[in-house]
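Hi everyone, and thanks for making time today.

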Amino acid sequence: MEIITQPDSQQASLIAAGIVARTVQEKPHAVLGLATGNTPLQLYRNLVRMHRDSGLDFAGVTSFNLDEYVGIPPAHPSSFHSYMWAHLFSHINLPKERINIPDGLTTDVPAACRKYEQAIRSAGGIDVQVLGIGSNGHIGFNEPSSSLSSRTRIKTLTEESRLDVAAAFGGEEGVPTHVLTMGLGTIMDARKCLLLAFGKKKARAVARTVEGPVTAMVPGSVLQLHPRTILVLDKDAASELEMADYYAWVHEHKPDWQKY
Ligand code: PGA
C-alpha cells in the first residue's frame, strides 16, 4: 500500500485528481470506478475544473459507480444517481451511455447484479477505483462481516451507516435499509484502488485498514492484498497510523518514475 498524507483534504484531493486525470490522459478509454459521499466531493470539483480549464477529456471514458440504495428512484435527491450528476456528470463530457450505476429499482436483484459484473468485464475491467471508507471500515457498502471475495449484490446497511446518512433522508426512519453494492472481490479486480479518507472520524478505520489484520470485520483491510492501492489522507485521518513517519519518508524519497 502506498500512503500519501497531506496537511488537509484540499491538497489530498488535488493529488487524487492528478492520479485520476493521468489515468484518463494515458488511456482515453479508461474505465473509472467511482464513489459517492462527502469524501470525493473535492476530487470531483478538481476533475470538473481540469475538464473546463485544461480540456481533460472524458469522451472515451466509461464509469461504474460502487453502489446505490434499493427502492430509491434515480431522481430522488439523495440517490447516488443524483449525487453523481450534481457533482460530476453534468459538468464533464462523459457520454451518458457509458455511465453505469447499480439499478436500485430493479425487480430482479440477482440478475441486475450479474449484469453489472458482466458490464464491468465487458468494458475491460476497472482501471482505477475511487473509494471512501466508512468509520466502521466499510468500502463501497460492504459492511463489516462482508465476504472478502463478494461480488455485486444486495447488502443490509448497519445502523451506523444509516445514521451517517440520516440527515439526507430527513431522519433515520427515511433511510433505506438495503443497497446494491460492488463486492470486495469486484473492487479487488480493479487495476488500481485509490482510497481517500479525511478527518479524525476516519483515523481508526484507516489504521485498521492499513496496519490491522486482514479481516471481514474491517472490509477495507482486504486492500492489503491488492498490489496497487494508494491511500490519500489528510493528517487527521492518518493520525492513528503507527508507521506514519515511515510512510512519509517513503513518499518523500520516491524516485520520480515510481510516483503513483
Ligand atoms: P463519506 O462516506 O465520504 O461521506 O465519509 C464514506 C463511506 O461511508 O464510504
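I'll talk about a helix, then the ligand, then some aromatic rings. Please keep in mind that this is a predicted model.

Let's begin with helix 1, which covers residues 9-26. How far apart are the end C-alpha atoms of helix 1? They are 25 Å apart, and that agrees with the 26 Å that its 18 residues should span at 1.5 Å a residue. At the start of this helix, Asp8 brings a side-chain oxygen to within 3.2 Å of the backbone nitrogen of Gln10.

Now look at which residues of helix 1 are buried: among them are Ser9, Ala12, Ile15, Ile19, Val20 and Val24. And what do the buried residues of helix 1 pack against? Their partners are strand 1 (2-6), strand 2 (31-34), helix 2 (41-54), strand 6 (128-131), strand 9 (192-197) and strand 10 (229-234).

Next, the ligand. Around it you'll find Gly37, Asn38, Thr39, Gly132, Ile133, Gly134, His138 and Lys202. Thr39 has a polar side-chain atom 2.4 Å from a ligand oxygen. For His138, a polar side-chain atom sits 2.6 Å from an oxygen atom of the ligand, and for Lys202 the distance to a ligand oxygen is 2.6 Å. As for cover, the ligand taken alone exposes 280 Å², and the protein buries 75% of that.

Finally, the aromatic rings. How many aromatic pairs does a search of the whole structure find? It finds eight. Let me show you two of them.

In the pair of Tyr69 and Phe80, the ring centres are 4.6 Å apart and the planes are at 35°, so we call this pair tilted. It links distant parts of the chain, with Tyr69 in strand 4 (residues 67-69) and Phe80 in helix 3 (residues 80-87), eleven residues apart. Both Tyr69 and Phe80 are buried.

Phe80 also pairs with Phe141: here the centres are 6.2 Å apart and the planes are at 20°, so this pair is stacked. Because Phe80 lies in helix 3 and Phe141 in the loop between strand 6 and strand 7 (153-156), the pair ties together parts that are 61 residues apart in sequence. Is Phe141 buried or exposed? Its relative accessibility is 7%, so Phe141 counts as buried. Phe80, at 9%, counts as buried too.

Definitions and conventions. Residues numbered from 1 in each chain as written. Predicted model: local features only at pLDDT ≥ 70, side-chain atom pairs only at ≥ 80, totals over all residues. Heavy atoms only, no water. Helix = DSSP H or I, 4+ residues; strand = E, 2+ residues; numbered from the N terminus. Expected span 1.5 Å × (residues − 1). Buried < 20%, exposed > 50% of the residue type's maximum accessible area, 1.4 Å probe, protein only. Contact = heavy atoms within 4.5 Å. Polar contact = N/O pair within 3.5 Å; in protein donor to acceptor, adjacent residues only side chain to side chain. Near = heavy atom within 4 Å. Areas by Shrake-Rupley, 256 points an atom, 1.4 Å probe, with all protein chains shown as cover. Phe/Tyr/Trp six-rings, centres within 6.5 Å; stacked < 30°, edge-to-face > 60°.
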